[in-house]
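Please read it with the sequence and the model side by side.

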Amino acid sequence: MKKDINIDPEVQKVMSDYAQTFNPFFVTRVMGKIEHLNDQIYASGIYDLFFRRVVVSGVFAIAAMLILTVVLNGGFSVDALLGIGDLEMENAIAMSITDF
Amino acid sequence: MKVLFLTSRNKTDTKFVKLLEIRRRLKPELTDIEIIERVRDGDQYAFSILVERYQDIVAKTVYGMLGHVAEADDVGQEVFIRFYKSMTEFRGEASLSTYLTRIAINLSLNEIKRRKRNDLFFFYKDRDDDKKESDVIDEVDQAEDYENSELVTAALDTLDARSRSIVVLRMIQGYSTKETAEMLNIPLGTVLSRLARSQEKMKVVLKRMMTESISDY
């Protein structure tokens, strides 16, 4: 067991009389910052929720389109992904020269 | 511009009135834990009671660590905001004053580190940190009039950041040597040796006030 230090009573008295206070309206400033913090948390919560919904819907839509492509065209060829898997060359030429 | 000014002023006034109402509504004899429960339940203005209750303890710690600088007020605010953010982790095993003091010491040490980094970057040389003992004694001797707090700040200026934290906890806040060691997470022997050295250093600066107070009797 280590022996505790002897603190000079006069030094101790001067040190324990040391008093400090923050600038006026400290409590109001702290509460203002906390309110701002809560607003930020609320705003970021809404943003997160909205962003999550958009991302989840987007991912589901892309997955559905890919599944549909595989089912209808039997693979992931570029033509199938572009939706022109069933298009014949003659039809394509005919479409390009036809004046609609 | 005028409208903006009026709006922000009204907003501040409303906040102030709100705070007064809450202080009137909440009984001052509520314990810390009861207030924390209220804040957790969504009554964020109950937190102002805690801020009011502990601001002087935090001020003593922060000003003791940093001296009279503008950043001390910001660090003090940050102490309460950190506590507000981590309130769910507070289980009441230690007293709230100990918990807040620990946050205040850590944030003050971070601020001192940040200052040193800035000083190194901008080559400032006239900062008050870790002043030489002789410079402080000269300053104190030259000052015609001084208050206790100024003298203690001057005495603390002669110490490095780690020793200052020990002195603030042990001699200003009144924690035991063992508690100080636990709070700073350093061995008891280190606290004892640093405290002895710091006391000798500070005595030189505090001597003037001590001799004057003796001669007053």
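1. Which helix of chain A gives the largest share of the nonpolar patch? Helix H2 (residues 26-73) of chain A does, with three residues. Helices are DSSP runs of H or I with at least four residues, strands are runs of E with at least two, and both are numbered from the N terminus.

2. This is a predicted model, in which local features need pLDDT of at least 70, side-chain atom pairs count only at pLDDT 80 or more, and totals for chains, interfaces and linings use all residues. Residues are numbered from 1 along each chain as its sequence is written, chains are lettered from A and ligands numbered from 1 in the order in which they are written, and side-chain values use heavy atoms, with hydrogens and water left out.

3. The patch lies on the surface and consists of A:Ile62, A:Leu66, A:Val70, A:Phe76 and A:Leu81, with about 450 Å² of accessible area together. Patches take residues with over 30% relative accessible area and no salt bridge; like charges are joined within 9 Å and nonpolar side chains (Val, Leu, Ile, Met, Phe, Trp, Tyr) within 5 Å. Accessible areas come from the Shrake-Rupley method with a 1.4 Å probe, and for residues only the protein chains shown count as cover.

4. A:Val70 is in helix H2 of chain A. It counts as partly exposed because its relative accessibility is 35%; buried means under 20%, exposed over 50%, and partly exposed in between (1.4 Å probe, protein chains only).

5. Chain B has ten helices and zero strands. Of its 217 residues, 47% are buried. Helix H7 (residues 148-157) of chain B is mostly covered, with nine of its ten residues buried; among them are B:Leu151, B:Val152 and B:Leu156.

6. The contact (heavy atoms within 4.5 Å) takes 49 residues from chain B and 33 residues from chain A. The area buried between the two chains is about 3,900 Å², and carbon and sulfur atoms give 67% of that. Buried area is the accessible area (1.4 Å probe) that two parts lose on being put together, summed over both.

7. Two salt bridges are found across the interface of chain B and chain A. A salt bridge is a side-chain nitrogen of Lys or Arg within 4 Å of a carboxyl oxygen of Asp or Glu. A:Asp8 forms a salt bridge with B:Lys203, and the closest N and O atoms are 3.4 Å apart. On the side of chain B that touches chain A, the largest share, 13 residues, comes from H10(B).
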